[in-house]
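Here is a short briefing for a first look. Start with the structure below, then read the points by topic.

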Amino acid sequence: MSDNTSHDNLQKLINIGRSLSREKNINILLEKILIEAREISHSDGGTLYLMTDDNRLSFEIMHNESKNIFFGGSSAPVPDSFYPVKLYVDGVPNDHSVSAVCALKGKTIHIEDAYADKNYDFSGAKGFDQKHGYHSKSFLNVPLKNHKDEILGVLQLLNATENDKIISYSKEIISLVEALTSQASIALTNQMLIEEQKALFKSFIQLVSEALEHKDEVTGGHCTRVPVLTMMFADAINEDATGAYKKFKFTDDQMEELYVAGWLHDFGKVATPEHIMNKSTKLECLFDKINLLIMKFEILKRDKKIEFYKNCLNQESNEKELRKKIDNDINQIDNDVEFLKNCNIGGEFMSDEMKERVDKIADQLISVENKQINILSNNEKENLKISRGTLSDKDFFIMKEHVSLSYELLNKLPYPKHLKNVPFYAGCHHEKIDGSGYPNGYKGDKLPLQARVIALADVFEGLTAPDRPYKKGYSLSKAMEILKFMVQDNEIDKDLFELFINKKLYLKYAKDYVDSSQIDEIDEKKYLI
Ligand SMILES: [Fe+2]
Ligand SMILES: [Fe+2]
């Protein structure tokens, strides 16, 4: 080989190495490896096999230039009729197949003429030749190995050509292909390791969310539905060609960052007490105290009856009057108990009159251990007067802490550079554009698009979820109406809400994740502001 040719080949290898190391899509990388190897060796065809977990070589890319056959990579997938090559048959090494032996021994195998070869079974190639009017002659098989010297796959080149004639692979070409294959192996190993790590991290964050949902049985599904809607928004933003986001695109790294933040946004709930997360009635603590309360009213009835009987013993009393009074008192108590039972179920609104009635009932005294005490403790009274839902201010304060905790805990992880904003995005999911959200009261200028997306997804999921403690899931139209009010009050992003409507994301999401009984007619124009 002349100095010039050697220099050219070296330059080619350097360029190929660069190009392969830049490719992030494994499928395209495999295709590039085969294309470059064919080019450098002037091969008419070739196959790139990858090793499977069960010791087989699967056909990933197949090319035959003169027959215009291209499978895998950017072309059509390899047909299922190409069965993977077994490295072992009935537990014995498969020494009939040249590619299997190449993988088993980890060595390059060069065949000058398949039809003259006595060592290997080329019936597959011969069958192909017959079917397509082709002639397979020279073969070059080179193993791809990773950093642990394990076999990743096999590169098989077919029919080296020169001046339209099939020739054998020269020593120089074999060395060149081996050098290329070792570069390709590094690029492939890197991408496989990256993909494996990504897959592991992805499964881990999903596992964390699943664990949270076991803890939070009432809002179960929230942690897995919010990231779905978050990514629906992200895709719609990337596809928006005419609206507010026509000039904006999330990069792949940003998409991954948003995905992780969406999955982990409520991570802080790991530390929220379960009796607050799952508080389904106002008096529920570690258990629902309503029965204790009913017992106290039984004591009140008992006291009234004792008083009645004592009064009856008085000669001057009018028994008829007394009986009328005790009947009224007992009726009133039963009525109050029903009223309190009703108050105990959290609702959307509690009127001032109802709260006053709770206060009035609470003032009644009962005798316990010779002491006169109020029938409702202050704590019971305050809980029963909760205006909306089932959480008291104190409960709500504890509940709100999950967001700061999401930020604090997630901030402890050593993220790669492209995921460094995960804690911030997750920690902003209860912030509102007008600054009325929590935990930091950040206004719009501090809230990036990613945080706004998760916040909107979080609200919509919450409104339509069928499983909240104090309410059934809202109908689609009611949820949209509430979102509209939130946009008007400058709490959530107007452009995102418009995208939500215009791209029918609300419907796409609802079809898969909202109970069909909640999906009603939506007049989109009504919600566009
Ligand atoms: Fe949250
Ligand atoms: Fe959430």
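The axes of helix 16 (residues 476-488) and helix 17 (residues 494-502) come within 10 Å and cross at roughly 155°. That makes helix 16 roughly antiparallel to helix 17 (the term applies to angles over 145 degrees). This is a predicted model: local features need pLDDT of at least 70, side-chain atom pairs count only at pLDDT 80 or more, and totals for chains, interfaces and linings use all residues. Residues are numbered from 1 along each chain as its sequence is written, and ligands are numbered from 1 in the order in which they are written.

**Helix pair**
- Helix 16 passes helix 17 in a left-handed crossing (the near helix is turned anticlockwise from the far one by less than a right angle).

**Iron site**
- His222 (NE2), His265 (NE2), Asp266 (OD) and Asp458 (OD) coordinate the iron ion (ligand 2) at 2.0 to 2.3 Å.
- Donors are N, O and S atoms within 2.8 Å of the metal (3.2 Å for Na, K and Ca).
- The four donor atoms subtend angles of 86 to 174° around the iron ion (ligand 2), which makes the arrangement irregular.
- The iron ion (ligand 2) lies 3.3 Å from the iron ion (ligand 1), and aspartate 266 coordinates both.

**Histidines**
- Histidine 222 and histidine 265 are both buried (under 20% relative accessible area, with a 1.4 Å probe and protein chains only).

**Domains**
- The protein chain is divided into domain 1 (3-195), domain 2 (216-267 + 415-527) and domain 3 (290-390).
- These bounds come from an automatic or database domain assignment.
- The C-alpha centres of domain 1 and domain 3 are 86 Å apart.

Terms used:
Side-chain values use heavy atoms; hydrogens and water are left out. Four donors count as tetrahedral if all angles lie between 85 and 135 degrees; four count as square planar and six as octahedral if opposite donors are over 155 degrees apart and all others between 65 and 115; anything else is irregular. Buried means under 20% relative accessible area, exposed over 50%, partly exposed in between (1.4 Å probe, protein chains only). Axes are lines fitted to C-alpha atoms, for helices over the stretch in contact, and angles run from 0 to 180 degrees between N-to-C directions. Helices (H or I, at least four residues) and strands (E, at least two) are DSSP runs, numbered from the N terminus. Angles under 35 degrees count as roughly parallel, over 145 as roughly antiparallel, 65 to 115 as roughly perpendicular and the rest as oblique.
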